[in-house]
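User: I would be grateful for a close look at a single part of this model. Please treat the matter in one connected account.

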Amino acid sequence: MSRKPRYSPQASDADAARADPEPVLRFAGVGLRYGRGEEVLEDVSFALEAGSFYFLTGPSGAGKSSLLKLIYRAERPSQGLISLFGQDLSALPRRQLPLLRRRIGVVFQDFRLLDHLSAFDNAALPLRLAGRKPKAWKNDVAEMLAWVGLGAKLHAMPQTLSGGEKQRLAIARAVMGQPDILLADEPTGNVDHEMAARILRLFVELNRQGTTVLIASHDLDLVARSGMPELRLEQGRLVSPEAGA
Amino acid sequence: MSPRSSSAAVAPITTAQFLKAWKPGPLIPRGDARDGGLTFVIAVLCFFACLAALGAVASDRAARGWTAQLQDSATVLVRPKDGESADAAAARAAETLAGVRGVSEARALEKDKAQALLEPWLGKEALADDLPMPRLVALELDPDHPPGAAELRQALKAGDVDASVDDHSLWIGDIVRAGVWARAAALGVFVLTALAAAAVIAFAARAVLASRLQIVEVLHLSGARDGYIAGLVARRFAAMAFAAGLGGAALAAALGAGLRVLGGGQGLTPVLPVAWIDLAALAPCPLLAAGVAALAARGAAMRLLREMG
């Protein structure tokens, strides 16, 4: 499997459409603007194969979070096409979104934990929403929380956790459902190097099991240590890894 | 210590203990400061709805009772023939009618009883001895098989008695109409109250969701369907309305019981007699309130979720 992104900043929509017939994720000439503001993303085109692992890098404000939002359809592109699991996201009916989102694990930059639920309930959320019986996953959730260092805080409410603990809990929630694609927005921003390395190992392990991983990060050391390829955004445009290096 | 409680001051428990005691937390928070006021409003609306239901049941009973009383009797006005005394004519009419099937008793009213009936209308002074007094025959009819007015008239004609039969059909028609209107009015109040409760709950459901948009967004992004989220909201409000309905129905039942005790067999007033069995009509109120609340909350939540896009 190629680790190199099929990157084609100048590719037309038609060129992108002629690319690999079944990439997991494909952007073709995608642009995004909020309201009547300036374009946050401009003519972004790339494709990720199933089971690939990429970092999405770039300075603050480059559009990394916005690009991730387009993938889980929290936002819609102002132009271009986005295809996920072979489905055109813009044309996807609202009633089909839940099933699509169950295949996506998202680690939000601001965690988005549910403050009225315990750490255990937060981590178990995707499994509950998928309608799986608790008996089948209770132990798995406890093990995952132990793995991210929250084994002693299963009952803890999010507001009692530190920033790093919240981040680890958000990661545990994102991976619990064994998603087909994992999107993480600065997942190591609030943890120490040791925990960052541990979280990266978790992502790599998930990736080995077939999950496509896309991690937005400005931690260039982490990216370099991981040895994984990167997609680099600058001022809303995708630039080549060489250009961004 | 509940597994869902805060970690502050928690006695250490093992993972096994935690998992054994764990119960899924509510995905939409259970309640907030507004819930008390809303529960009170719904309880009051349920109370009025229950009173309307009690009124409908009692007015129905009153109308049926009066109709039955009138249907069980008839009055015959007898006109004596030439050369026949009024008493003799009345006696002959009573004798003739006593033989009709369905007539339990035919009794000629004495002159003083006829005078007593007329006195409220004409006054005592007007009732001179020489005033030609109509004579009446009071009939008691078999409630199961009462004879019709035509049957009675035919019997009188066959007995050569000149008389008019009043089977109270005019009054019965009025009472039946009044009963229908009373029940319709009570039902109207009941439906209006239910609609008011639904509107209040729909408004509250939108407010609850609007104040918890972040939770809704996380649920959405984690793969929850609109129907699932709306169902969570509906269950929350159904539970609240059930409790409120229970309170409102209990209060209405207490009031109904009070009316029954104070008024004896006729309730507080013969116009609206309340029976013990009527209180059973209030039993479905909590379930109805919960059903109305669930429908209203679900509808409002679905609309808001669609608007959110």
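What distance separates the centres of domain 1 of chain B and domain 2 of chain B, taken over C-alpha atoms?

Analyst: The model is predicted, and in it the centres of domain 1 and domain 2 of chain B are separated by 54 Å, taken over C-alpha atoms. According to the domain assignment, domain 1 is made of two segments, 28–66 and 173–308, while domain 2 covers 80–161.

The overall dimensions of chain B give this distance its setting. Along its principal axes, the C-alpha trace of chain B spans about 110 × 40 × 40 Å. The radius of gyration of chain B is 33 Å, whereas the globule rule gives 19 Å for 309 residues; the value is well over the rule, so chain B is more spread out than a compact globule. Of the 309 residues in chain B, 36% are buried.

The secondary structure of chain B consists of 9 helices and 4 strands. Along the sequence these elements follow the pattern α-α-β-α-β-α-β-α-β-α-α-α-α. Among the contacts in chain B with a separation of 6 or more, 82% join residues 24 or more positions apart.

The packing of nonpolar residues can be described next. The largest nonpolar core has 139 residues, and those with the most contacts inside it are B:Ala205, B:Val233, B:Ala241, B:Ala289, B:Ala293 and B:Ala297. Helix H2 of chain B, residues 34–71, supplies the largest share of this core, with 17 residues.

B:Val233 shows the packing at the level of one residue. With neighbours within four places in sequence left aside, B:Val233 is in contact with B:Ile28, B:Ala205, B:Val208, B:Leu209, B:Ala297, B:Arg298 and B:Ala301. Two of these partners, B:Ala205 and B:Ala297, are also listed among the residues with the most contacts inside the largest core.

The partner chain comes next. In chain A there are 9 helices and 11 strands, and buried residues make up 49% of its 245 residues. Contact between the chains involves 29 residues of chain A and 23 residues of chain B. On the side of chain A that touches chain B, the elements giving two or more residues are helix H3 (97–101), helix H4 (119–129) and helix H5 (134–147). H4 of chain A gives the most to this side, with 6 residues. By class, the side of chain A that touches chain B has 16 nonpolar, 6 polar and 7 charged residues.

Finally, the confidence of the prediction should be read alongside this description. For the complex, the predictor gives an ipTM of 0.81 and a pTM of 0.70. Chain B has an average pLDDT of 84, with 91% of the residues scoring at least 70. Residues 1–8 of chain B have a pLDDT below 50, and this stretch has 20 contacts in the model beyond near neighbours in sequence. Chain A has an average pLDDT of 86, with 89% of the residues scoring at least 70. In chain A the pLDDT is below 50 over residues 1–20, a stretch that has 41 contacts in the model beyond near neighbours in sequence.

Conventions: Residues numbered from 1 in each chain as written. Chains lettered and ligands numbered in written order. Predicted model: local features only at pLDDT ≥ 70, side-chain atom pairs only at ≥ 80, totals over all residues. Core = buried A, V, L, I, M, F, W, Y, C linked by C-beta atoms within 7 Å. Buried ≥ 20, exposed ≤ 12 C-beta atoms within 10 Å, placed from the backbone. Contact = placed C-beta atoms within 7 Å. Domains from an automatic or database assignment. pLDDT = per-residue confidence, 0-100. Nonpolar A, V, L, I, M, F, W, Y, C, P; charged D, E, K, R; others polar. Rg over C-alpha atoms; globule rule 2.2 N^0.38 Å.
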